[in-house]
Amino acid sequence: ENAFMKCQRESQPEVLKQASHYLSQATRGRWTRVSIELDESSRSRSTDVRMTVSGNTTSIDASKLSQGTQEQLYLSLRLALMQTSLRGKHIPALFDDIAVNADKSRFRSIVPLIAEAAQNRQIFYFTCHDWVRDELATIGNANIVNI
């Protein structure tokens, strides 16, 4: 119980700060803040976790976001966890068509996030879409392998 509370108190603010930064970039400033509310029983039931995102004038429950924006949010959280975790600082990341519901414009907004993550870790991105491969090829140190 004490370890859980300490982790929540010490790690959550930095993860949410980083996730908010990534989400703001991914959504081009539409959504700028990620918030998570946990109650006492959240450790065992995910239904007790409430995640919201906020913009300049509004807040919305994450479950009400479009599928594409939810994917941007979850990518932002994953990147933030990798960035803030002491053990996860340099481990490779595997992404399997993480933006399958994104159009080209939305995907272009997350390419810089992937490029930033690739600065200090290997990124493996699996896709069956030529246009996704072509967008990822714009990352300076990308090595594209067609299978």
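**Figure 1. Three aromatic pairs occur in this predicted model.** One of them joins F95 and Y125. Their ring centres are 6.4 Å apart and their planes meet at 65°, so the pair is edge-to-face. This pair links distant parts of the chain. F95 sits in strand β4, Y125 in strand β5 (residues 123–126), and 30 residues separate them. F95 is buried, with a relative accessible area of 0%. Y125 is buried as well, at 16%.

**Figure 2. F107 also pairs with Y125.** The ring centres lie 6.0 Å apart, with the planes at 75°, so this pair too is edge-to-face. F107 belongs to helix α3 and Y125 to strand β5, so the pair ties together parts 18 residues apart in sequence. Both residues are buried. One aromatic cluster is formed by F95, F107, Y125 and W131.

**Figure 3. F107 has contacts well along the chain from its own position.** Leaving aside residues up to four places away in sequence, F107 touches A99, A102, Y125, W131, V132, E135 and L136.

**Figure 4. The largest nonpolar core holds 34 residues.** V34, L73, F107 and Y125 touch the most other members. Elements giving two or more residues are α1 (2–26), β2 (49–54), α2 (67–84), β4 (93–96), α3 (104–117) and α4 (130–136). Helix α3 gives the most, with seven residues.

**Figure 5. R30 lies over the face of W31.** The distance from the ring centre is 4.3 Å.

**Figure 6. The whole protein has four helices and five strands.** Along the sequence they follow the pattern α-β-β-β-α-β-α-β-α. Of the 147 residues, 39% count as buried.

Note on methods. Residues numbered from 1 in each chain as written. Predicted model: local features only at pLDDT ≥ 70, side-chain atom pairs only at ≥ 80, totals over all residues. Heavy atoms only, no water. Core = buried A, V, L, I, M, F, W, Y, C linked by side-chain atoms within 4.5 Å. Buried < 20%, exposed > 50% of the residue type's maximum accessible area, 1.4 Å probe, protein only. Contact = heavy atoms within 4.5 Å. Phe/Tyr/Trp six-rings, centres within 6.5 Å; stacked < 30°, edge-to-face > 60°. Lys NZ or Arg CZ within 6 Å of the ring centre and 35° of its normal.
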